[in-house]
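Morning, everyone. Please bring up the model, and I'll walk through it.

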Amino acid sequence: MFKALADYGRLLRAGTALARHDVILPGEYHSRLPFPAKLAGKTLRIFGGGAKGRPGKRLATALEKLGPAYIKLGQFLATRPDVFGVETTSDLSRLKDKLPPFSMKAAQAALEAEFGEEAARLFPDLSDPIAAASLAQVHRMQTEDGAKAVKILRPRVEILIDRELRAMKRAARTVERVNVESRRLAPVAFTETVAESMEKELDLRLEAGGADEMRELSFKAGYYFVPAVDWERSGKRVLTTEWVDGKPLTDPEAAETPGIDRSTLANTVTRGFLDHAIHHGVFHADMHEGNMIVTPDGRLALVDFGIIGRIGMNERRFLAEILWGFLNRDYHRVAEVHFEAGYVPPEKSVGDFAQALRSVGEPIHGKAAADVSMGRLLLQLLDFTHTFGMQLRPELVLLQKTMVQVEGVARTIDPEHDIWAAAEPVVKDWITQNLGPAGAAKLVAQNVKDVADRLKRLPEVMDQFEAKLNAPEPEPLPRERFAPWWGWMGFFLAIVAAIVIVSST
Ligand SMILES: Nc1ncnc2c1ncn2[C@@H]1O[C@H](COP(=O)(O)OP(=O)(O)O)[C@@H](O)[C@H]1O
Ligand SMILES: [Mg+2]
């Protein structure tokens, strides 16, 4: 009971912040709303004090004010251009994740809680925080075996996030129960996914594992430098890695480092990312400028491994073949790949699909490479597959979103960057290795293994399926209870009352 009240209190606070920034019933959608909603929207805008900018920007500002859980929610929404539209998600992806640092005393307390008496020996002289974000802050530290970066979670951040998540889940359940239409967007499943990904980011042991895996990969692939994890000084709430000297790409001087050539650096960004994704199926899924550091000896270092993307053999092959198909204008092949990967239902026509792809690809060939975004092209493709009756694969969406990031970074470094030319050698290598005569046999073997792996998982899948069948369908509440005008008026008055209360405190 108290929990529920507390949850509603939190939701009311969130609702008020969103309303003040004119996000709940935005003026932009005015003409599509029923009369009571129009009226409510107008009144909210009067109280909102004239929030400015596009809806995505206003949403970003409101979420920043609401704190860590909402900032993360916004970052998550930013990865779904397929659901929320390209404009809104690109506004959301600029959501700032900077907060005032917490005190040195709290940092020391966190180290003691994690390492007990050893803390003083392991962390002899921590610097003031050098970066502070919604979940953690980073300090520099000199030790006998070199300088280190120490990332420490904010005090009580797990508890705060847990509470907000519980409220969000409650809201999602209510929306799904009350509004049958909303079930198509699966709000409950969506909040569960957000919660799961936040919980992962709150365990720095997982980030340590990700960092170590990416370091191993970086030696194999040879494009990036990834600092080593200091296992002795890492735990659930603390992650220590080797310190990387240099300038992050957020610093305009980073690309001016002596010995650095802008075009080579931009190519490294693009090729490294595609190589990791296509050749190894693993990629850093948060490739923004703040997470890339140019070292004085001209290497490009990556930090921050909170989100690692993974794509299976099917998706890797899909990615390589569509890029190859577009590079060679072979639309029929690109279409076949979609069918072979099972992305488009078999009863659809390959010819029709190839025709749709041609309409995406041909306009590209008349344009300068710098005007054609690979990330956007991938989005258009995913859009088409949607039209042709397929469900989007979340891991491909994450890849597509990161590709947009990577392109943005590469073009900031070198405005002339040609992502297609940069991609070609990586894609060509993979195609020759895997789809040439020797590669074909390997691929067959891999496919057999994939099928065998799926068969092994079958009993588990059947169990889940059965559990779903047995679970009682939530009874939809009768629509009439919510449809009449007094229902709307009640909602409207509740929000107005909330705004008045909050504004007067
Ligand atoms: N190993 C490192 N060496 C040097 N600077 C680092 C290192 N790790 C992190 N940083 C700096 O700290 C900032 C925040 O660290 P990061 O891991 O990206 O945390 P967050 O998840 O909060 O973004 C980075 O943008 C970078 O400037
Ligand atoms: Mg970061």
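**Helix packing and a metal site**

The axes of H12 (residues 262-280) and H18 (residues 419-435) come within 9 Å and cross at roughly 30°. Axes here are lines fitted to C-alpha atoms, for helices over the stretch in contact, with angles from 0 to 180 degrees between N-to-C directions. Helices are DSSP runs of H or I, at least four residues, and strands are runs of E, at least two, numbered from the N terminus. H12 and H18 are therefore roughly parallel (under 35 degrees; over 145 is roughly antiparallel, 65 to 115 roughly perpendicular, the rest oblique).

This is a predicted model: local features need pLDDT of at least 70, side-chain atom pairs 80 or more, while totals for chains, interfaces and linings use all residues. Side-chain values use heavy atoms, without hydrogens or water, residues count from 1 along each chain as written, and chains are lettered from A and ligands numbered from 1 in written order.

Next pair. H9 (residues 157-178) packs on H10 (residues 187-201) at about 165°, axes 8 Å apart. That makes H9 roughly antiparallel to H10.

Now the metal. What coordinates the magnesium ion (ligand 2)? Asn291 (OD1) and Asp304 (OD) do, at 2.2 to 2.3 Å. Donors are N, O and S atoms within 2.8 Å of the metal (3.2 Å for Na, K and Ca); water is not among the atoms, so sites may look incomplete. Asn291 sits in the S6–S7 loop and Asp304 in the S8–S9 loop, so the pair ties together parts 13 residues apart in sequence. Asn291 is buried, at 6% relative accessible area. Asp304 is partly exposed, at 24%. Buried means under 20%, exposed over 50%, partly exposed in between, with a 1.4 Å probe and protein chains only.
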